[in-house]
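Hello,

Here is the structure I promised to pass on. Please open it first, then read my notes below.

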Amino acid sequence: MSTPGRGRVRVAQGAKRVRVFLGGQVVADTVHPLLVWEVPYYPTYYIPRADVVSGVLTPSGRTAHSPSRGEAVLSTIKGAGAEAVDGALEYPDSPIEELRGHVRFEFGAFDWFEEDEQIFTHPRDPGVRVDVLPSSRHVRIEVDGVTVADSVRPHLLFETGLPTRYYLPRVDVRMDLLSKIDVVTHCPYKGAAEHFDVAGHEDLAWSYPTPLPESIRAAGLVAFLDEKVDVYVDGVRQERPKTKFA
């Protein structure tokens with residue numbers, strides 16, 4: 001259940017067991033996590049203080065202020081020889097009552113598990129769904145008037161809150177115009193993506209070599225940043241989407 005938010009913050013009770021590791025040691029283990037949307041795009045986990053391992057938190061004496069969440073007390077976490085300086089915070093007097101008595105761990109500083117599956121980037125939003133569907137639509141991609149991909153066997157990826165993405169077989173992509181770059185991004189729903197420059201333009205395409213199970217149909221296919229290329233579907237030029245990636 002979601003509770004009324006304060007400003008842009010929204011809180012919901014999570015249903016999964018969540019464990020947090022540092023240096024291979026469990027520092028928190030709960031079956032009562034809170035999902036908190038501090039930003040509208042994705043949630044983060046807040047862990048009940050009682051489910052944080054005793055002795056791993058050391059207050060640093062520093063604080064941080066949030067207009068919506070209040071004054072935070074920062075702590076350093078130590079576990080198995082590893083240390084995350086100011087890696088946790090608490091809002092003991094937050095105007096959002098649900099946050100009191102909970103600890104927010106800095107996601108990137110720890111290893112996270114939902115049940116027995118490791119998660120990356122941020123927690124999955126229970127309101128987000130990803131569907132990858134085969135299609136017979138004719139999809140053509142142009143960059144500066146040059147056709148860089150042309151396929152009648154795309155897979156269309158539908159992800160809640162995002163525009164449709166067209167994933168194309170590599171044999172239908174001008175791979176000679178793509179140059180793999182030293183960039184890897186992570187998606188909690190799709191996995192780790194490798195990225196490509198396209199026809200001299202930086203970071204216009206990506207592919208998931210080994211996606212997560214729910215997105216396995218996208219494995220090895222190539223998608224383009226529709227915000228910066230021209231996409232034709234069944235001969236009709238599509239309007240470029242306006243997103244945070246534009």
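**What I found**

D230 is buried, because its relative accessibility is 12% and the cut-off for buried is under 20%. Please keep in mind that this is a predicted model.

**Salt bridges**

D230 has a charged partner. It forms a salt bridge with R240, and the closest N and O atoms are 3.1 Å apart. The pair joins distant parts of the chain: D230 sits in strand β22 (residues 230-233), while R240 is in the segment after β23 (236-237). They are 10 residues apart. R240 is partly exposed, with 35% relative accessibility.

In general, side chains of opposite charge can pair when their charged atoms come close.

A second pair is R153 with D172. Here the closest N and O atoms are 2.9 Å apart. This bridge also links distant parts of the chain, 19 residues apart. R153 is in the loop between β15 (146-151) and β16, and D172 is in the loop between β17 and β18. R153 is partly exposed at 46% relative accessibility. D172 is buried, at 16% relative accessible area.

E83 is partly exposed, at 47% relative accessibility.

How many salt bridges are there? The count comes to 23.

**The record and the two ranges**

The UniProt entry is unreviewed. It annotates "domain: DUF427" over residues 18-105 and 139-226. In the model, residues 18-105 are 0% helix and 60% strand, with the end C-alpha atoms 12 Å apart. Residues 139-226 are 0% helix and 55% strand, and their end C-alpha atoms are 12 Å apart.

**The largest nonpolar core**

In soluble globular proteins, nonpolar side chains tend to be buried together.

Which residues of the largest nonpolar core touch the most other members? They are V27, V52, L57, I77, F105, F110 and W112, out of 22 residues in this core. β3 gives the largest share, with 3 residues.

**The largest pocket**

The largest pocket has a volume of about 840 Å³. Its lining has 32 residues, and the closest to its centre are E159, L162, K190, K244 and F245. By class, the lining holds 16 nonpolar, 8 polar and 8 charged residues.

Which strands each supply at least two residues of this lining? They are β16 (155-159), β17 (165-168), β18 (178-187), β19 (191-198) and β20 (201-207).

**Two contrasting residues**

D182 lies in strand β18. Is D182 buried or exposed? D182 is exposed, because its relative accessible area is 80% and the cut-off for exposed is over 50%. Its C-alpha atom is separated by 8.6 Å from that of F196. Along the chain, D182 and F196 are 14 residues apart.

L221 is in the loop between β20 and β21 (222-224). L221 is buried, with a relative accessible area of 11%. The C-alpha atoms of L221 and L168 are separated by 5.2 Å, though these two residues are 53 residues apart along the chain.

**Backbone angles to check on screen**

Two residues other than glycine have positive phi values.

- A80: phi is near 50 degrees. A80 lies in the loop between β8 (70-79) and β9. A80 is exposed, with a relative accessible area of 53%.
- E115: phi is near 50 degrees, again a positive value in a residue other than glycine. E115 lies in the loop between β11 (111-114) and β12 (117-119). At 40% relative accessibility, E115 is partly exposed.

Best wishes

Technical notes:
Residues numbered from 1 in each chain as written. Predicted model: local features only at pLDDT ≥ 70, side-chain atom pairs only at ≥ 80, totals over all residues. Heavy atoms only, no water. 1 Å grid on protein atoms, 1.4 Å probe; cavity = no way out; pocket = protein on both sides within 12 Å on 5 of 7 lines; lining within 4 Å. Points joined across faces, edges and corners; volume = space filled by probe spheres on them. Helix = DSSP H or I, 4+ residues; strand = E, 2+ residues; numbered from the N terminus. Nonpolar A, V, L, I, M, F, W, Y, C, P; charged D, E, K, R; others polar. UniProt positions renumbered as here; feature names shortened; annotations may be inferred. Salt bridge = Lys/Arg side-chain N within 4 Å of Asp/Glu carboxyl O. Buried < 20%, exposed > 50% of the residue type's maximum accessible area, 1.4 Å probe, protein only. Core = buried A, V, L, I, M, F, W, Y, C linked by side-chain atoms within 4.5 Å.
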